[in-house]
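Please open the model in your viewer and keep the selection tool at hand. This tour goes from one selection to the next and says what is there each time.

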Amino acid sequence: MRVPSWLRSDRAGLALLAVLAALALVVPALNLLVAADHPLHLSAYTVTLLGKYLCYALLAVSVDLVWGYMGILSLGHAAFFALGGYCFGMYLMRQIGARGVYGDPVLPDFMVFLNWTELPWYWLGFDQFWFAALMVLAAPGLLAFVFGWFAFRSRVSGVYLSIITQALTYALMLAFFRNEMGFGGNNGLTDFKDALGFPLHADSTRIVLFLLSALALAGGYLACRWLVSTRLGRVLVAIRDAEPRARFLGYRVERVKTLVFAFSAMLAGLAGALYVPQVGIINPGEFAPLNSIEAVIWVAVGGRGTLVGAVVGAVLVNYAKTWLTGALPEVWLFALGGLFVAVTLLLPRGLVGLLRRRGATA
Amino acid sequence: MSELISELDAGGMHAPVEPVDASHGILLYLEGVSVTFDGFKAIDNLSLYVADGELRCVIGPNGAGKTTMMDIITGKTKPDAGRVFFGQTIDLLQLDEPAIARIGIGRKFQKPTVIEPLTVLENLELAMSGAKRLRGLLTTRLAGAERDRIAAVLERVGLTAQAGRLAGILAHGQKQWLEIGMLLMQEPRLLLVDEPVAGMTPAEMERTAELLKSLAGEHSVVVVEHDMGFVRSIADKVTVLHQGRVLAEGALEDLQADPRVIEVYLGDGHAAG
Amino acid sequence: MLTCPLVRAGFLTLVFAMALLAVPTPARAADDAVARALLAQLREADFSDKARLVEQLAALEHPRIATILKALADSRLYYQEAENRAVIGLDDAPTIAIEDAVGGAALGQAGKRDLEKITANNRLRNLIENRLASLGLASADPGQRRAAVQAFLKNPDPAGTERLRARLAVEPDAGIKALLALALALADLASPEAAARAQAATALGGRLQPELRGPLSRAAAEDPDPAVREAARTALTRTEFRLQLLGWAETLFFGLSLGSVLILAAIGLAVTFGVMGVINMAHGELMMLGAYTTWLTQQWLPVNWSLPVAVPLAFLVAALAGIAIERGVIRFLYGRPLETLLATFGVSLILQQAVRSIFSPLNRSVATPDWMSGTIALGPLEVTLNRLIIIGFCIAVFALLWLALQRTRLGLEVRAVTQNRAMAQAMGVRSARVDALTFGLGSGIAGVAGVALSQLTNVGPNLGQSYIVDSFMVVVFGGVGNLWGTLVAGLSLGVANKLLEPWSGAVLAKILVLVFLVLFIQKRPRGLFPQRGRAAEA
């Protein structure tokens with residue numbers, strides 16, 4: 001196999017892909033082939049946990065593309081993640097069919113509970129996998145496109161943009177909390193049974209979802225890596241570091257920003273769609289501004305503008321979160337808060353930057 | 001949306017790049033231009049004509065409106081009144097910054113603005129004209145002809161040896177030249193150069209003067225500069241701006257004898273230079 | 001409109017209690033005997049006799065009559081067979097505390113079985129209320145007279161009309177006079193003469209007392225004379241119109257109230273973000289600190305004294321916390337707004353968790369002092385006192401801040417550093433000190449805002465989060481660096497929110513306002529009142 005030049009020089013990226021490939025082999029083997037009582041056995045819970053980390057990593061990559069390369073600090077990327085999740089969640093809801101508590105063949109339980117008699121128009125089509133899969137990309141992409149079109153055209157940038165992205169996700173959270181929206185209100189969408197006929201709780205399905213997450217992360221990484229090594233990637237850096245220069249060189253900065261922002265939102269949506277069947281629920285809490293900011297800190301910890309750093313940061317921080325919220329729940333927010341401060345003050349280039357500098361001086 | 005994807009860089013509403021019509025020998029027209037910031041007239045009924053292939057210096061005390069004039073030509077600021085034409089046919093007031101850049105007006109900022117994390121070569125590649133459609137942007141390779149064009153510009157601005165270095169680690173003067181090189185990659189008809197020699201050593205200044213002189217003829221060049229010595233070394237024709245309007249215009253020697261110019265510059269160290 | 005019947009009932013009770021103390025006691029013994037005799041008859045009488053007896057009782061000039069009639073209306077009047085006397089039950093236990101009806105002396109406890117309740121029906125109750133009203137009408141206390149007329153309005157009785165008319169002739173108080181006229185007009189609405197009815201209807205138009213609308217709409221629908229119907233309809237339209245105005249005034253007040261909260265939350269941010277350009281995501285948590293400071297003061301001080309102490313204390317606590325944040329984190333990040341945003345967000349998480357660990361994750365209830373509870377009438381508009389006080393508080397804080405920035409040395413230095421840091425330093429301004437103090441000032445104001453918030457919402461670890469997006473929006477909407485812009489923005493957003501609310505519901509109103517703001521910022525990124533000039537464009 002011939003490795004294209006843009007990837008050949010990306011040693012960290014190759015290492016990441018190798019690790020993902022190894023995980024894709026080892027994790028299913030340890031789950032399926034090793035006896036349950038053996039110390040090396042990986043439980044289905046752990047497989048799903050790892051799958052979740054990979055989804056977060058993909059979200060982090062999408063954040064890094066816009067923040068690290070284009071200089072847009074989005075405090076609303078979790079909104080795109082959640083939208084993707086809701087789109088796939090709607091498919092999973094429709095798959096429940098008559099197996100719900102109320103046994104209605106069409107309406108999800110929460111609609112029956114609200115005395116709705118008809119499926120709202122925006123739920124139509126979500127019984128088809130292909131349609132849901134399309135919407136997973138289209139809904140976040142379209143929202144980001146429209147939002148970006150308005151914001152970038154009027155040259156909202158920097159902190160202002162960050163704050164309105166936060167307002168966006170905040171408004172969406174409030175909206176999705178409303179029962180009238182038709183997305184299950186407070187409780188969101190849950191009690192999923194199966195996808196494409198495969199029961200979600202089965203170990204084999206979980207393994208497949210894990211593999212799909214690894215594949216999506218690898219694909220998302222490669223797409224972003226390729227993008228930033230093209231001329232467009234250099235335009236992004238130019239926009240980040242000297243937007244007027246890019247404009248006076250003849251680039252339509254707002255169009256570049258809008259397209260890349262929308263592309264990044266689609267990746268985030270894909271991550272959300274893979275996340276939902278693994279955790280089994282999607283609710284408006286996923287729109288909480290804190291989630292978006294957490295994604296930003298993953299990127300900052302790993303090192304912005306490196307893509308690999310985003311993956312490393314997402315996995316490390318989330319591993320720490322899983323461990324701390326289990327062992328010392330009181331400490332988690334202190335640790336996360338401290339991480340924000342420490343990374344911005346002491347580690348502006350993140351872990352990857354630190355390693356690279358070590359490598360350079362050695 | 002498809003239009004958007006295919007034309008990341010296209011001009012105004014529907015701007016196919018039309019050739020500049022400089023058939024009357026004049027490339028840039030500013031006529032009766034005024035702009036006001038909060039009641040302060042930054043530009044006041046300014047008229048200025050730049051001939052095709054001319055090298056023009058614009059001088060004037062601080063606040064005379066030099067940078068604002070450049071902002072107007074390049075579409076950053078819209079004037080309250082007046083006409084700005086590029087050649088006979090192109091109304092610059094109808095276009096925005098990228099469109100103006102595309103039709104052949106390059107601008108160098110006062111503070112050297114190069115993309116520091118990219119190499120010198122990548123900076124030039126970024127500025128290269130004709131490669132700004134999305135299809136052209138989604139590539140990681142350089143075609144042979146493109147390579148040649150970049151090599152030629154590198155040669156011209158004297159940065160061939162630095163081609164692979166990051167722009168961020170260049171010396172101050174080298175950054176200025178790189179930025180001029182980026183303008184050249186745009187193949188502009190008109191170059192607007194804001195204070196090119198600020199902070200340069202005398203040797204660097206000399207090289208810059210030669211570079212700019214070599215550009216004239218092929219391009220029109222408008223240089224805004226404070227340093228009178230530098231202006232004397234390059235310009236045939238000098239325009240003095242004062243309080244947003246043209247105070248005087250002509251050869252530098254004549255201007256330095258002009259009592260109005262002397263009064264404006266009285267006590268200003270630059271005049272002596 | 002806000003006053004519920006309970007409050008009104010309580011008020012009436014209070015008036016009667018005062019009447020008891022005020023009335024002197026002439027020839028008490030003789031009257032006592034008559035009263036006892038009437039009460040003895042009351043026990044045996046049927047309801048029509050009871051009505052007659054109530055009239056007779058009401059005609060007595062006896063200080064206990066009001067109490068007795070009230071007890072009868074409330075079904076608390078009993079006859080104690082064994083002692084052959086009427087008593088009033090004071091509670092509703094199986095063994096009731098009683099007092100002598102006529103004498104008023106406490107009689108200890110009595111078993112319910114030993115007491116025979118003197119029953120009343122609704123007609124009787126209406127009658128009693130009316131007679132009580134007449135009793136009040138002659139009182140020396142204007143409050144009591146007013147209450148009496150209002151009781152008549154609520155429950156008009158033709159028999160009382162003459163008394164009202166007589167009173168109107170001698171009433172000195174203009175307000176009560178107007179009310180009396182209204183009551184008479186209401187009575188005239190039942191007059192046999194069409195002209196009088198039409199005149200009465202016209203007189204009632206535009207009056208806001210809810211009791212008047214029923215009779216008016218009945219007249220508009222059922223009156224045999226078309227001219228009267230027409231007059232009543234016109235009158236009703238006028239009433240509706242005034243009610244609508246009142247509704248708008250109320251919405252405006254709620255909007256101003258919400259707006260003043262928004263301003264309080266945003267104004268500290270207007271200093272740190274607007275003037276200094278520092279994004280402080282921990283701003284909401286500084287408000288939270290102020291709110292918790294209020295709670296702590298209430299643990300040590302009586303509630304009524306706690307707030308005046310809490311305000312300076314909260315300012316101090318939040319200001320010190322702010323200075324610590326500035327010195328410890330922000331000063332290393334000047335010129336890197338996105339990093340500042342992230343770091344201060346981290347600080348906000350730490351503060352939230354600290355409060356959670358120290359004070360528990362549950363909400364703390366902060367008590368409202370007496371002087372801030374209840375309602376107050378602004379013309380026909382009844383408003384809650386705490387909201388009114390917070391509006392005033394907001395204006396005071398704004399004025400103080402404005403003065404501080406315009407008239408003090410620190411304010412001068414702040415403005416100097418904001419406009420040209422290098423030049424200010426050259427002039428001898430210690431910019432690091434100014435930064436810390438300015439940040440402290442903005443943070444302190446956040447703390448003060450927290451005191452106000454503690455009177456309106458739950459005080460908990462999440463208090464700050466719910467305001468952070470709003471307050472940034474207010475500052476950005478108003479135009480960064482412009483205090484007046486913040487004021488206008490806060491008020492208009494508050495009013496807009498409340499205008500939308502009845503139409504769309506509270507949550508949707510908030511969303512709509514957010515969406516509007518997002519669109520607005522895109523149209524005018526520099527807000528309503530941008531800082532002008534070339535410097536602002538950099």
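Two strands are said to pair if DSSP finds at least two bridges between them, and the elements themselves are DSSP runs numbered from the N terminus, with helices (H or I) of at least four residues and strands (E) of at least two. This is a predicted model, in which local features need pLDDT of at least 70 and side-chain atom pairs count only at pLDDT 80 or more, while totals for chains, interfaces and linings use all residues. Residues are numbered from 1 along each chain as its sequence is written, and chains are lettered from A and ligands numbered from 1 in the order in which they are written.

**Stop 1: a sheet in chain B**

Select β6, β7, β8, β3, β9 and β10 of chain B, which in this order form an open sheet of 6 strands with mixed pairing. Its edge strands are β6 (105–108) and β10 (245–250) of chain B, each of which pairs on one side only. On average, neighbouring strands of this sheet are turned by 20° against each other, with direction ignored; such angles run from 0 to 180 degrees between N-to-C directions, and the axes are lines fitted to C-alpha atoms, for helices over the stretch in contact.

Which residue of β8(B) is the bridge partner of L191(B)? The partner is V221(B), and β7(B) and β8(B), which run parallel, are joined by 5 bridges. Together, β7(B), α8(B) and β8(B) make a right-handed β-α-β unit, where right-handed is the word used if, with the strands pointing away from the viewer, the path from the first strand over the helix to the second runs clockwise.

Within β8(B), V222(B) is the bridge partner of R56(B), and V224(B) is that of V58(B).

Colour β8(B) by burial, where a residue is buried if 20 or more other C-beta atoms lie within 10 Å of its own, exposed if 12 or fewer, and partly exposed in between, with C-beta atoms placed from the backbone. The strand β8(B) is mostly covered, since 5 of its 5 residues are buried. In a regular strand the side chains alternate between the two faces of the sheet. In β8(B), S220(B), V222(B) and V224(B) point one way, V221(B) and V223(B) point the other way, and all are buried.

**Stop 2: a second sheet in chain B**

Select β2, β1, β4 and β5 of chain B, an open sheet of 4 strands in that order with antiparallel pairing. The edge strands are β2 and β5 (90–91) of chain B, each pairing on one side only. Strand β1 (residues 26–37) and strand β4 (residues 81–86) of chain B pair in the antiparallel sense over 5 bridges, and the bridge partner of L30(B) in β4(B) is V84(B). Helix α2 (residues 66–73) of chain B packs on this sheet, touching β1, β2 and β4 of chain B, and its direction makes about 65° with that of β2(B).

Zoom in on N45(B), which lies in strand β2 (residues 40–51) of chain B. The phi of N45(B) is near 50°, a positive value in a residue other than glycine, and N45(B) counts as partly exposed with 14 C-beta neighbours inside 10 Å.

**Stop 3: a covered helix**

Select helix α4 (residues 120–127) of chain B, where 8 of the 8 residues are buried, so the helix is largely enclosed by the rest of the structure. What covers the buried residues of α4(B) includes α9 (231–241) of chain A, together with α6 (144–157) and α7 (172–185) of chain B.

**Stop 4: chains A and C**

Finally, show chain C beside chain A, where 34 residues of chain C are in contact with 35 residues of chain A. On the side of chain C that touches chain A, the elements giving two or more residues are α14 (337–359), α19 (465–478) and α21 (506–523) of chain C. The largest share of that side, 14 residues, comes from α14(C).

Technical notes: Contact = placed C-beta atoms within 7 Å.
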